[in-house]
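Keep the viewer open as you read.

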Amino acid sequence: AENQEEIGARDKHIKKRQRGQEYESYMQLPCDVLHLNVGGNLTAVLRRTLTSVEGSMLASRFSGRWDESIEKDRNENFFIDQPIELFQPMINYLRAKACETALAPPVTSPEFKSEEKRRDFIRMVEYFGMTSGIYPTVMEMCRGEPESAQICGHPNLSVMSREWATFTLETRGHKRPIMSFSVVLGEVERAQIGWVRTGHFVKKLRPGDHKGVGEEKFSFGLDCCQGGLLYEGSFTKLDGLATEKGTVIRCENKGERWLVNGQLVASSIALEETFQLPPDLQHYSLIPAFSGKGDWEVCEVELDPITSDHKATISHAHL
């Protein structure tokens with residue numbers, strides 16, 4: 001049988017090994033401070049700052065799982081092949097968002113005096129999948145009872161409303177207008193999806209009964225219940241249009257094209273004789289709007305492309 005000294009020595013050895021294993025495990029945890037070499041310039045950033053935009057390339061790359069495989073310089077700093085004058089404003093914006101409060105001025109997206117730098121910055125942001133974080137969009141109720149709805153933000157931008165209500169999708173902290181968007185229908189009644197003119201549409205929250213998108217003045221949209229398009233109450237029937245739970249509705253270029261499950265169902269050109277949209281539609285300040293009772297999810301938001309060959313897309317969910 002073991003004596004007390006042997007038992008004590010064994011326990012001491014076991015505890016020492018456990019402490020060693022715990023230390024090794026601790027050392028293997030992702031370091032909270034990341035040292036970066038950005039285009040030849042050294043900087044440091046917290047991991048949680050760099051990975052704060054869920055679903056982005058940066059969030060995945062610097063999650064801690066791939067630290068050994070990420071490119072590094074000779075001093076073991078993580079190397080990012082981007083100009084510091086573009087990458088640093090993005091990091092500073094994320095830092096500001098991390099300490100944003102309701103009483104402080106709102107954080108605004110980075111701006112550049114040079115148009116070329118602004119385009120390069122947007123291209124970099126899109127490359128890293130950071131558009132939803134740097135150029136955010138939010139959904140707000142503008143008609144209905146606030147307590148009857150639950151709104152979720154990025155990365156799963158969605159609405160669950162127990163009563164029929166109207167919501168708008170808007171940008172926050174920047175001036176890049178929304179050009180296109182997609183919606184996946186859930187269990188929703190009397191869904192109306194379209195656009196409203198911000199300069200004229202009264203956005204003050206109105207409880208109680210109200211008209212929906214396409215019925216109110218200064219609004220137009222797709223009426224899923226009636227199967228057609230509405231513009232300020234004027235209805236145009238679309239033959240064969242039917243929607244159900246899981247249907248994906250996409251509206252492109254501020255209402256010029258409408259697609260249901262990938263199939264084109266309406267365009268302003270094809271409907272020119274029967275569906276009269278306001279002339280020079282692109283000149284109006286339009287924002288997406290949704291009316292309905294139930295749940296739906298915004299899957300993709302496309303911002304003003306800025307350049308003719310580039311489109312910034314915010315993916316809120318996978319189709």
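## The cavity

Strand 2 and helix 4 each supply at least two residues of the lining of the largest cavity. Keep in mind that this is a predicted model. Helix 4 gives the largest share of that lining, with four residues.

To find the spot, pick out Leu 36, Thr 43, Ala 44, Val 45, Phe 87, Gln 88, Ile 91 and Arg 95, the residues that line the largest cavity. Its volume is about 30 Å³, and the count of cavities of 30 Å³ or more comes to one.

## The pocket

Now for the open space. The largest pocket has a volume of about 370 Å³, and 21 residues line it. Nearest its centre are Ser 52, Val 53, Leu 94, Lys 97 and Gly 133.

Which elements give two or more residues to this lining? They are strand 2 (41-46), helix 2 (47-50), helix 4, helix 6 and strand 4 (137-143). Helix 4 turns up here too, with the largest share of the pocket lining at five residues.

## Helix 5, end to end

Helix 5 covers residues 115-127.

What caps the N-terminal end of helix 5? That's Ser 114, with a side-chain oxygen 3.3 Å from the backbone nitrogen of Glu 116. After helix 5 comes Gly 129, which has a positive phi, near 70°.

## Helix 5, the buried side

Four names to highlight in helix 5 are Phe 121, Ile 122, Met 124 and Val 125, which are buried. These residues lie on the same side of helix 5, because the arc they cover around the axis is only 160°.

What do the buried residues of helix 5 pack against? Their partners are helix 4 (84-98) and helix 6 (131-134). Both of these helices are also among the elements that give two or more residues to the lining of the largest pocket.

## A residue in strand 7

One last stop is Val 196, in strand 7 (residues 178-197). Is Val 196 buried or exposed? Its relative accessibility is 1%, so Val 196 counts as buried, the cut-off for that being under 20%.

How values were computed. Residues are numbered from 1 along each chain as its sequence is written. This is a predicted model: local features need pLDDT of at least 70, side-chain atom pairs count only at pLDDT 80 or more; totals for chains, interfaces and linings use all residues. Side-chain values use heavy atoms; hydrogens and water are left out. The expected span of a helix is 1.5 Å times one less than its number of residues. Buried means under 20% relative accessible area, exposed over 50%, partly exposed in between (1.4 Å probe, protein chains only). The arc is that of the directions from the helix axis to the C-beta atoms. Contact means heavy atoms within 4.5 Å. A polar contact is a pair of N or O atoms within 3.5 Å; within protein, one must be able to donate a hydrogen and the other to accept it, and residues adjacent in sequence count only if both atoms are side-chain atoms. On a 1 Å grid over the protein atoms alone, a cavity is a set of points where a 1.4 Å probe fits but cannot get out, and a pocket is an open set with protein on both sides within 12 Å along at least five of seven lines; lining residues have an atom within 4 Å of a point. Grid points are joined across faces, edges and corners, and a volume is the space filled by probe spheres set on the points.
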